[in-house]
Amino acid sequence: RRVHGEKAEVIEKMQTVARNEGRKIDATPLALYNYFIERVKANLHLVLSMSPIGDAFRNRLRMFPSLINCCTIDWFQAWPEDALERVANKFLEEVDLEDDVRLASVVMCKHFHESVRSLSEKYYDILRRPNYVTPT
């Protein structure tokens, strides 16, 4: 079975890479291609940037659950207060509440988010393990 095109080029280059790294790998196309895949898995990092506001982000996460399960989510900045309010209001819009209770609930949601974010910073300072907080 012959290997064609770009795959053949990758396999040929992997022979040189393996030799330069002192790796003892069979010179078969399958072994060299598997070595290439191993290196890709170890070294490939992707950065996706999406706005967390609105339905598009939520729908994307539902369509591709591995964005949550298999990725590290890093919010680069703290959420502004008005964004936290909008998220809380969105989640509470269909809940039957009196206006004063709804307002107090939004304040409480913001407090919960901010207190978890603050505790996550302390957690990182002590254990050097990040905990990412999202208001969704």
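1. Gly 22 lies in the loop between H1 and H2. Helices here are DSSP runs of H or I with at least four residues, and strands are runs of E with at least two; both are numbered from the N terminus. Gly 22 is exposed, because its relative accessible area is 53%. Exposed means over 50% relative accessible area, buried means under 20%, and partly exposed is in between (1.4 Å probe, protein chains only). From Gly 22 to His 113 the chain runs 91 residues, and their C-alpha atoms are separated by 51 Å.

2. A word on the model. This is a predicted model, in which local features need pLDDT of at least 70 and side-chain atom pairs count only at pLDDT 80 or more, while totals for chains, interfaces and linings use all residues. Residues are numbered from 1 along each chain as its sequence is written, and side-chain values use heavy atoms, with hydrogens and water left out.

3. Next, the core. The largest nonpolar core has 5 residues: Ile 11, Met 14, Ala 18, Leu 32 and Tyr 35. H1 gives the most, with 3 residues. A nonpolar core is a set of buried Ala, Val, Leu, Ile, Met, Phe, Trp, Tyr and Cys residues joined through side-chain atoms within 4.5 Å.

4. Leu 30 is found in helix H2. Is Leu 30 buried or exposed? Leu 30 is exposed, because its relative accessible area is 59%.

5. Now the rings. The count comes to 1 aromatic pair. Tyr 33 and Phe 36 form this pair, with 5.9 Å centre to centre and 35° between the planes, and it is tilted. The rule takes rings of Phe, Tyr and Trp (its six-membered ring) with centres within 6.5 Å; planes under 30 degrees apart count as stacked, over 60 as edge-to-face and the rest as tilted. Both residues lie in helix H2, 3 residues apart, about one turn of the helix. Tyr 33 counts as partly exposed because its relative accessibility is 26%. Phe 36, at 25%, also counts as partly exposed.

6. Lys 7 lies over the face of Tyr 33, at 4.4 Å from the ring centre. The rule asks for NZ of Lys or CZ of Arg within 6 Å of the ring centre and within 35 degrees of the ring normal.

7. Glu 38 is also in helix H2. Glu 38 is partly exposed, because its relative accessible area is 41%. Glu 38 and Leu 61 are 23 residues apart in sequence and 27 Å apart in space, C-alpha to C-alpha.

8. Two packed helices are described by the angle between their axes and the distance between the axes. The axes of helix H5 (residues 81-92) and helix H6 (residues 99-127) come within 9 Å and cross at roughly 125°. H5 is therefore oblique to H6. Axes are lines fitted to C-alpha atoms, for helices over the stretch in contact, and angles run from 0 to 180 degrees between N-to-C directions. Under 35 degrees counts as roughly parallel, over 145 as roughly antiparallel, 65 to 115 as roughly perpendicular and the rest as oblique.

9. Arg 128 is in the segment after H6. Arg 128 has a positive phi of about 60° although it is not a glycine. Most residues other than glycine have a negative phi. Arg 128 counts as exposed because its relative accessibility is 53%.
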